[in-house]
Amino acid sequence: MTGAALVAALVVLNTTVTLLLVVMVATRKITRDRRERRSEQGKNEFRNMLRDQPADLAASLRTVCSDKRHQVDLLFALREMPAAPDADWREPVRGAALIAGVERALARQTLSSDPTRRGLAALLLGQLTLPGAAELIEPLLGDDDGDVRISAAGALSGIADDAAARALVAALVRGVIAPERVVERLAGSWAVPTLLTALSSTQQPPTVRSWMARALGLAGDPRAEPTLLRMLIAGSDEERTSAARALGRCGSAASAAALGRALGDRCAAVRAQAATAVGSLGMDASGQALERCLADSSWWVRSNAATSLVSFGEPGLAALVRTLGSRDPYARARAAEALALSGLGPTGVAVTTGLAA
Amino acid sequence: MSAVLGDLIRLFDLFMVAYFGVLTIVTTAMAIVGWRAVEEYVRRRPLRDYGYVARSPLSLPVSILVPAYNEAPVIAASIRALIASQFVNLEVIVVNDGSTDDTMGQLRAAFGLVLTSRVPRDHLPTLPIRGIWVSPDEPRLVVIDKENGGKADSLNAALCYARYPLVCAIDADTMLDPAALSRLVWEFQVSPDTVATGGIVRVLNGSVVQDGRILQVRTPRRFIDNIQILEYLRAFLGARLGWSRLGMLLIISGAFGLFRREVVVAAGGYDTTTVGEDAELVLRLHRYHRERGLPCRITFFPDPICWTEAPGDLRTLVRQRDRWQRGLVEMLWRHRDMIGRRRFGRVGTLALPYFVVFELLGPLLELLGLVAIVATVVFGLASTELVILVALLSVTYGFVLSILAILMEERAFRRYPGWRCLARLLLAAVVENLGYRQLMMLVRIRALLTAHRSSGRWGEMPRVGFSGTLRPVPAVTV
């Protein structure tokens, strides 16, 4: 083939490919428009079914057993339903799904070689809260695929029962998934008994225990207070830090003394969390200790102490104003900023004017 | 004509054939890899609950760094839109880089700023800071007022005061999609060894915007704007996605990137002596990690979107492209000792040589190729027909890449839903060959040949402002 002929052939090839691509763009647009309309229709149908629970619900759910598009539509519709585990719609839908064989199909799908199908199976099992779902999902917490692991954690938090909590705690202990992704999903009252049981054992390393404490804090359940108090008093640096943080959300007057002492902890992170916690709990009896924290060596402690003092109202503001005359420039700076940000009018204006001068 | 000259021309012609052959193979390979990445993303999308990432108190928090120089028309709306981002754990650090307009005044008026003082977390060298301001109404906002030192200097100042482990550097005139941050943060949470991730930059021109939010995406009427949209689609969906999937991403757009703060600081922050500080940083991060034997995942993810105003006139466009090419020159020159070195993995042995030969020298070689073609015809070494066919080959291959990018966009994202938008983009694919590409080639050549005279400054781009880009609309509930 001569050079010209070869080039001509390539030009023809490019032109053909170009025309094909243009046709593909146009047909893709048409089919995507159609598919999106169908998908929206499918989602609407599932929404209506979940809400109205017609007699043929099981038959409708049968399409979900194998069709991935219907699975996605159902998933979107389920996410819009009330999330409470004991919501009215759950029992009839669960029953219909069992009749339709959805549980068996999804159980098989958790073993698929396609990670998106595994993830989808986990999410649907979680949303439908089918029997034995937690046991089916648990292995996916250690999946090779990151999206599947996170989907599995999300699915278990949707189930929100003891089995799900045990699976998540076990994953936290084994370290198969980033701890933050587990803890954010354990942040509910449903997980508190399992977490407290796990913490009653001292076999876990301090890091794991501190993450469990973090989860208890996010749950904000007062049942956790005694355990967290013990951790604040006797735990490692990590554990005391998490315990102080958690007590800020679920503590009470019973924690006042321990948190007040924690303001003088040797570890800056503990002091910082304690400073925030006493502010959250309105423990103005710790006002003097907080005032001393304004001159702490750690910027984080100073900042949190200033913020907490603002929340104490007049006594706190008075402490901040006193600190404006401190010899410590860092303490003055934090007090000034807290006062300015409190937006309390003349005090703030006077402070910023002084600072600018 | 001497036989020697004829032989030289033929030899050069052969070299150019080989050059364009390799370029075609690499470009096609990147497009295919990019296509597969888009397909995979579409499959995975249902698994990703970005809303949860935005709401979770344990999502990695982000400091958004916004360097601002003479952005008075847009700054208040831009910052309001950022603060309203659907992401719970964020702070916004605006750096007023010695603006000569009323940027600082606009910020003070819009947010009721009060002066404060803060201790920086790190110490990167920057020009003097005149003041740190915070807002009683918006506790997530910090404004750093400093002497003019350029974008990189501003970013370094912001890095020193950033509180959070992830930092997102964006331009003051860009608008983030509401879920953009969640999408980027997801990448870090799924793969904790991620060091940096870039999102896609899209052209705002022609769209309907109000109060710093996009109400409707449209393609503009002018060819110059549509051609730029097409260029961005080709660059991001075609090339960048491919490089990212192969672990050889060298560039994260300065308009929109998310980085691990401690790593950027450890690597020395942004280089203030180059106009391509974004690309230079990414390459330095590669170097930093490979020299220490650390894992380094730097990726591009096409769904998190930031919208930016593209140059609407040729003069500004030329200046922008000149700066980009200079940035590339500076980046490759500074890290020339990485080129071809196995120590730096595929970045050193594949990506950098490619960039030198095809991105840096490419426009020059293209021009020489044109000259050689003319010489070939003039000296009767080849027929006019062959020359025309070669030109057509180049143009039609350009069509293939452009329409493939449009197809990927239509497949996965559909941000331009209307038929008219599609038609404009397809037409732009044709029109850009009628002078635009040739002009850009000359601009890049000039930048290459005069890079040693670079002043390291950005210059100014006239700002239309978000509400001014577009036709005015009554308030709409979206």
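Me: How many residues of chain A are in contact with chain B?
Reply: 55 residues of chain A are in contact with 47 residues of chain B, where contact means heavy atoms within 4.5 Å. This is a predicted model, in which local features need pLDDT of at least 70 and side-chain atom pairs count only at pLDDT 80 or more, whereas totals for chains, interfaces and linings use all residues. Residues are numbered from 1 along each chain as its sequence is written, chains are lettered from A and ligands numbered from 1 in the order in which they are written, and side-chain values use heavy atoms, with hydrogens and water left out.

Me: What area do chain A and chain B bury between them?
Reply: The two chains bury about 4,600 Å², 66% of it on carbon and sulfur atoms. Buried area is the accessible area (1.4 Å probe) that two parts lose on being put together, summed over both. A:Val25, A:Lys29 and A:Asp147 supply 15% of the area that chain A buries against chain B, more than any other three residues.

Me: How many salt bridges cross the interface?
Reply: The rule finds six salt bridges between chain A and chain B; each requires a side-chain nitrogen of Lys or Arg within 4 Å of a carboxyl oxygen of Asp or Glu. In one salt bridge, the side chains of B:Arg44 and A:Asp147 meet at 2.7 Å, N to O.

Me: Which helix gives the most to the side of chain A that touches chain B?
Reply: Helix α1 (residues 3-52) of chain A does, with 21 residues. Helices (H or I, at least four residues) and strands (E, at least two) are DSSP runs, numbered from the N terminus.

Me: Turning to B:Arg118, is it buried or exposed?
Reply: B:Arg118 counts as buried, because its relative accessibility is 16%. Buried means under 20% relative accessible area, exposed over 50%, and partly exposed in between (1.4 Å probe, protein chains only). B:Arg118 lies in the loop between β3 (114-116) and β4 (129-134) of chain B.

Me: And what does B:Arg118 touch?
Reply: Not counting residues up to four places away in sequence, B:Arg118 touches residues of chain A, including A:Trp299 and A:Arg334, and residues of chain B, including B:Ile132 and B:Tyr161.

Me: Which strands are at the edges of the chain B sheet?
Reply: Ten strands, in the order β3-β4-β5-β2-β1-β6-β11-β8-β12-β7, form an open sheet of mixed pairing in chain B. The edge strands are β3 and β7 (175-176), each pairing on one side only. Two strands pair if DSSP finds at least two bridges between them.

Me: In what sense do β2 and β5 of chain B pair?
Reply: Strand β2 (residues 90-97) and strand β5 (residues 141-146) of chain B pair in the parallel sense over six bridges. B:Ile93 has B:Val142 in β5(B) as its bridge partner.

Me: What do β9(B) and β10(B) form?
Reply: They form a hairpin with two residues between them, and B:Asp211 in the turn has a positive phi of about 50°. Strands β9 (residues 208-210) and β10 (residues 213-216) of chain B run antiparallel and are joined by three bridges. B:Val209 stands opposite B:Ile214.

Me: Back in chain A, how many residues of α14(A) are buried?
Reply: 10 of its 14 residues are buried, so α14(A) is largely enclosed by the rest of the structure. The cover over these buried residues includes α12 (206-219), α13 (225-234), α15 (256-262) and α16 (268-280) of chain A.

Me: Where is A:Ala122?
Reply: A:Ala122 is in helix α6 (residues 115-128) of chain A, and its relative accessibility of 0% means that it counts as buried. Leaving aside neighbours within four places in sequence, A:Ala122 is in contact with A:Ile137, A:Leu140, A:Ala152 and A:Ala155.
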